[in-house]
Amino acid sequence: MSANDRPVLLRNGLVLTMDDSHTVLPGGDVLVAGDRIVEVGHRLDAPGDALEIDASGGIVMPGMIDTHRHMWQTAMRGYGADWTLTQYFVWYYLESGKLFRPEDVHAGNLLSAIEAIDAGVTTSVDWSHGLQSADHADAAVDALESVPGRFVLAYGNIQQGPWEWSTSEAFHDFYRRRVDGGKLAGFQLAFDVTGDPAFPEKAAFEVARELGVSVTTHAGVWGATNDEGIRLMYENGFMAPGTVYVHAATLGADSYHRIAATGGSVSVSTESEQSAGQGYPPTFQLRDYGIPVSLSMDTSVWWSGDLFTAMRTTLSADRVREHLEAHGRQETVTHHKLRAEQVVEWGTRGGARALGMDSQVGALTPGRRADIVLIKNDASPAMSPILNPYGHVVYQAQRGDVHTVLVGGRLVKHEGRLLGVDLAAARAKVAATVDHLRETLGEEAWQRGMNPDIPETSVLENPYQYTEYDAGSAQWKH
C-alpha cells in the first residue's frame, strides 16, 4: 500500500484552520482519509494503517491559492527584473512573445506548476494569455494535468482580440475536448477591456455567459485599462459575481463601488504593482469599499513565485500607505488597521472565494478537500519560537520551510522533498525553450531585452559642498 492510499494524520501542530471563526489549535491534529479532511482536533485516534506526520514545532494551514499567474512565462524567470510594464508589453505582446511554440508554453507551465506545489500553493490560476492556437492550449493543459496540483485555466490570447479567439471554432472545440468534463479544477476566460466605446469585448463576455464560466480581467492598470472599461462592463450587464479584477490599482470610486455592488473580487499582485507601474497596491482602498481580496504572483519573469512573499509585501505596502497618508496630515498611526491574520485569509480562503471554491478548499474543516501545508523546518533558527502564528507565516516563513504538502489528500511533498514529479525533466524542457529564444532572437537582441537602457539622471546641486580651500585664511570657501 502506498502512502497515497493510506489515511494521513498530521499530529501535534499549531493548526490554523481558517474556518469562519479563524480557530487556532495549538497542539492540534488533522486527519485525512481519501481526498477529504475527516476530523480536526486534539489527540485524534489514528486508523491502524495511517501515515502519521509529526507536525510538532510547525504550523499546519490550508494550501495557499494564487488567483493570477502567467505560468507560461516561467522559462523566462528573472529575465525582466529591470523591466517596466511598458517593456513587458513590448516584449510579450508586440515582439518576442509571438515566438513561443506550444512546447514552450508546456515547459513554462510544467515548471511553474511544480514550483507552486513546492511552495505550498495548492491551487493556481494559470492566466494563460499566450494561447496563440489550440495546440498551445492543449500543451498548456497537458502540463497542468501532469502535475499533482489543483489548477484553473484562464484562457487568453494576447495576439488576437478576445472577440476573435473566443468565438472561433478552434476555441470551442478545445473547450469541448479539454474543459467540459476534464481534469482541470476550473476554467475562466482571460481578457482585458480597453475602454473602446464600441465595446468589442462584448462578444467574449457573451461566450463566457453561454459557457457558464467567469471572466478574469486586468483592470485599473495605469496606461492600459481604466474606469471606462469598468463602466462599459457595468452598463452592458457583464459585471457578474465571480468576475476577478486583477490589480485594480488605478480605478476611481465609482468603479470600486460597481465591483463591490456586483459581487466581484480583486486579485492583488503586490510585487508586480510595486515594481511594474500598474498603480499602488490597492488593498488600502479595497478595504474601504468592502471588496473581497485574493493574492497572486503575476509572473516569474520579474518576481518570486510564492505566496509568502505575496503576503509579506501586501501587508507591508498597505501599512506604508497608511503611515504615509497619516504623515501628510501631520498625524501618527498608533494602531495598524490591516493585520497579518487578514492577509493569511486573503492567501487561502480569499482565493477560494474568488474562484467559487470556498466550500471545497481554503480552510481546514471536515468535509473539505484535503489541501494542506505543513510549515516546519527544524534546521532553521527562524522557525522558533512561534508566538504569533499569523505573523510567523507572513513575516518569518518562506518556501524553504514548506515541509509537507497534500493536494486532495495526496502527498505531493514530504520532509522537504517533492513527490511524484520529475523536476529534472521540467528543467530540461525549460532549457530548450531558452535555447530556442536566444537562437531565434540572436544574442545581441537577447541581451538588449534583458538589460533595458537606464534613463539619464542628474545630481542636484549641493549648497553645502566645499569647493575651494583658501590657504591664507585656512578655510574652505563655498
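The secondary structure of the protein chain amounts to 15 helices and 19 strands, where helices (H or I, at least four residues) and strands (E, at least two) are DSSP runs numbered from the N terminus. The model is predicted, so local features need pLDDT of at least 70 and side-chain atom pairs count only at pLDDT 80 or more, while totals for chains, interfaces and linings use all residues. Residues are numbered from 1 along each chain as its sequence is written, and side-chain values use heavy atoms, with hydrogens and water left out.

For 478 residues, a compact globule would have a radius of gyration near 23 Å, and the 24 Å of the protein chain agrees with this. The radius is taken over C-alpha atoms, and the globule rule is 2.2 Å times the number of residues to the power 0.38. Along the principal axes, the C-alpha atoms fill a box of roughly 95 × 60 × 50 Å.

Of the 478 residues, 54% are buried; buried means under 20% relative accessible area, exposed over 50%, and partly exposed in between (1.4 Å probe, protein chains only). The accessible surface comes to about 20400 Å², with 49% of it belonging to carbon and sulfur atoms. These areas come from the Shrake-Rupley method with a 1.4 Å probe, and for residues only the protein chains shown count as cover. Among contacts with a separation of 6 or more, 73% are between residues 24 or more positions apart, a contact being heavy atoms within 4.5 Å.

Pro-281 lies in the loop between helix 9 (270–276) and helix 10 (283–289). Is Pro-281 buried or exposed? Its relative accessibility is 3%, so Pro-281 counts as buried. Not counting residues up to four places away in sequence, Pro-281 touches Thr-270, Glu-273, Gln-274 and Ala-317. Thr-314 is 33 residues from Pro-281 in sequence, yet their C-alpha atoms are 7.4 Å apart.

The next region is a series of strands. Strand 15 (residues 402–407) is mostly covered, with six of its six residues buried. Two strands pair if DSSP finds at least two bridges between them. On one side, strand 15 pairs with strand 14 (residues 372–375) in the antiparallel sense over four bridges, and Leu-374 stands opposite Thr-404.

Strand 15 is also joined to strand 16 (residues 410–414), by three antiparallel bridges. Val-407 stands opposite Arg-410, and Val-405 opposite Lys-413. These two strands form a hairpin with two residues between them, and Gly-408 in the turn has a positive phi of about 55°.

Why is strand 16 described as largely enclosed by the rest of the structure? Four of its five residues are buried, which is the reason for that description. Strand 16 continues the pattern with strand 17 (residues 417–418), through two antiparallel bridges. Lys-413 has Leu-418 as its bridge partner in strand 17. Strand 16 and strand 17 form a hairpin with two residues between them, where Glu-415 in the turn has a positive phi of about 55°.
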